[in-house]
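Subject: Model for you, with notes on the ligand site and cores

Hello,

Here is the structure I promised. My notes follow below it.

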Amino acid sequence: MKIVVTGAAGQIAYSLVPFLCERGIFKSEEKIDLHLVEIPAAMERLDGFVKELEDSAYSTVNSINTHDNIDAAVENADWCLLVGSIPRGIVFQGKEIKERSDLLQINGGIFTEQGKAIGSKAKDNCKVLVVGNPANTNALIGYHNANNANQSWMAMTMLDALRAKAQLSMKLDCHVDDIYRLAVFGNHSPTMFPDLENTIVNGQNAYEQINDHSWVEDKFLPKIQKRGAEIIEARGASSASSAARAACDTVKAVEHPTRSGDVFNAAIMSDGSYDIPAGIFSGFPLLSDGNGKIEIVRDFSLSEFAKSKIAITANELLEEKDLVKDLI
Ligand code: NAX
């Protein structure tokens with residue numbers, strides 16, 4: 001199994017790579033060849049991380065390789081986890097990146113190059129998970145530049161779903177494992193919409209058990225939509241351990257069949273389901289058969305409230321798409 005992780009000297013990768021080396025994440029029991037990718041300036045930091053990975057003596061790992069060039073890294077890859085990107089607020093080529101449109105253009109350049117490399121060099125059944133923000137639109141750019149219909153491209157919305165499960169379990173005093181069919185629709189941004197109207201807890205509808213629409217609209221929704229900012233405020237840095245857990249959970253969800261009656265969360269190319277326009281990467285409730293087939297679960301019923309929220313997040317994705325139209 002060849003597993004590629006970009007942004008490998010960053011804070012998410014520091015937790016993510018050890019998680020991926022745990023037993024049982026991948027379906028195949030083949031040993032893992034890790035291919036860790038960074039920009040040239042971060043290679044020394046990456047070498048330090050590699051020493052720690054060596055010292056962990058994982059029985060699941062066959063080799064650990066580092067690259068400052070995406071083309072060599074993705075040759076015959078089974079999985080590519082695209083974590084590396086340029087964050088907002090950083091000074092890049094002498095200019096502070098403040099605007100979402102600038103961020104989209106700069107990261108667009110990264111995902112254009114990575115998409116082309118993956119499309120032409122990675123395996124035809126390669127799975128790609130984009131974590132680096134703006135994740136949905138980076139995935140859209142990568143997907144178009146890969147131009148390989150057999151590969152599966154996804155952007156990460158699992159963290160939003162895990163955050164929603166955690167808040168719901170506290171509200172209903174249940175275990176997170178008792179929660180089924182919780183889906184996050186739309187963009188991985190503060191417009192995302194985590195739906196509870198189709199969620200089942202201990203066999204019963206979660207929204208009916210809560211029986212308080214104002215809690216859902218005024219407490220739960222803003223809590224999940226702004227949770228990333230809450231973590232930054234408290235920690236002085238963005239979510240890393242939880243983001244790594246979510247990325248690893250996404251890999252596991254794709255590698256194994258979805259448990260009966262449940263869904264898993266990621267953003268994939270919309271086919272128009274739930275009136276989300278085709279041609280953008282949106283969060284959907286998904287099913288995996290554990291053999292590489294991922295499909296949208298289409299039997300969620302959405303209230304006018306849910307539809308209005310989904311329209312907002314879908315519109316934001318259309319606006320982002322328009323900002324990168326020259327890259328796709
Ligand atoms: P860090 O800044 O700690 O690490 C990013 C790393 O990527 C750096 O080491 C940098 O050198 C590297 N990098 C930049 N360009 C690269 C390229 N072209 N090739 C390879 N490596 C490259 O950020 P970290 O906290 O690890 O976050 C990584 C990304 O995840 C950010 O874009 C962040 O916004 C995003 N997130 C996405 C989440 C999601 O749910 N989809 C949640 C967490 C996180 O905010």
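A nitrogen atom of the ligand is 3.5 Å from a polar backbone atom of Met156. That is a polar contact (a pair of N or O atoms within 3.5 Å). Ser85 places a polar side-chain atom 2.6 Å from a ligand oxygen atom. At Ile12, a backbone N or O atom lies 3.0 Å from an oxygen atom of the ligand. The ligand alone exposes 880 Å², and the protein buries 84% of that (Shrake-Rupley, 1.4 Å probe).

This is a predicted model: local features need pLDDT of at least 70, side-chain atom pairs 80 or more, while totals for chains, interfaces and linings use all residues. Numbering runs from 1 along each chain as its sequence is written, and side-chain values use heavy atoms, without hydrogens and water.

The shell has 24 residues, each with a heavy atom within 4 Å of the ligand. Gln11, Glu38 and Asn133 are among the closest. By type, the shell divides into 10 nonpolar, 12 polar and 2 charged residues. Domain 1 (2–155) and domain 2 (158–327) both contribute to the shell, so the ligand lies between them. The bounds come from an automatic or database domain assignment.

Now the cores (buried nonpolar residues joined through side-chain atoms within 4.5 Å; buried means under 20% relative accessible area, 1.4 Å probe, protein chains only). The largest has 65 residues, with Leu20 and Phe185 making the most contacts inside it. Helix α10 (residues 241–255) gives this core its largest share, 8 residues. A second, separate core of 27 residues includes Ala77 and Val128.

Best wishes

Technical notes: Polar contact = N/O pair within 3.5 Å; in protein donor to acceptor, adjacent residues only side chain to side chain. Nonpolar A, V, L, I, M, F, W, Y, C, P; charged D, E, K, R; others polar. Buried < 20%, exposed > 50% of the residue type's maximum accessible area, 1.4 Å probe, protein only. Helix = DSSP H or I, 4+ residues; strand = E, 2+ residues; numbered from the N terminus.
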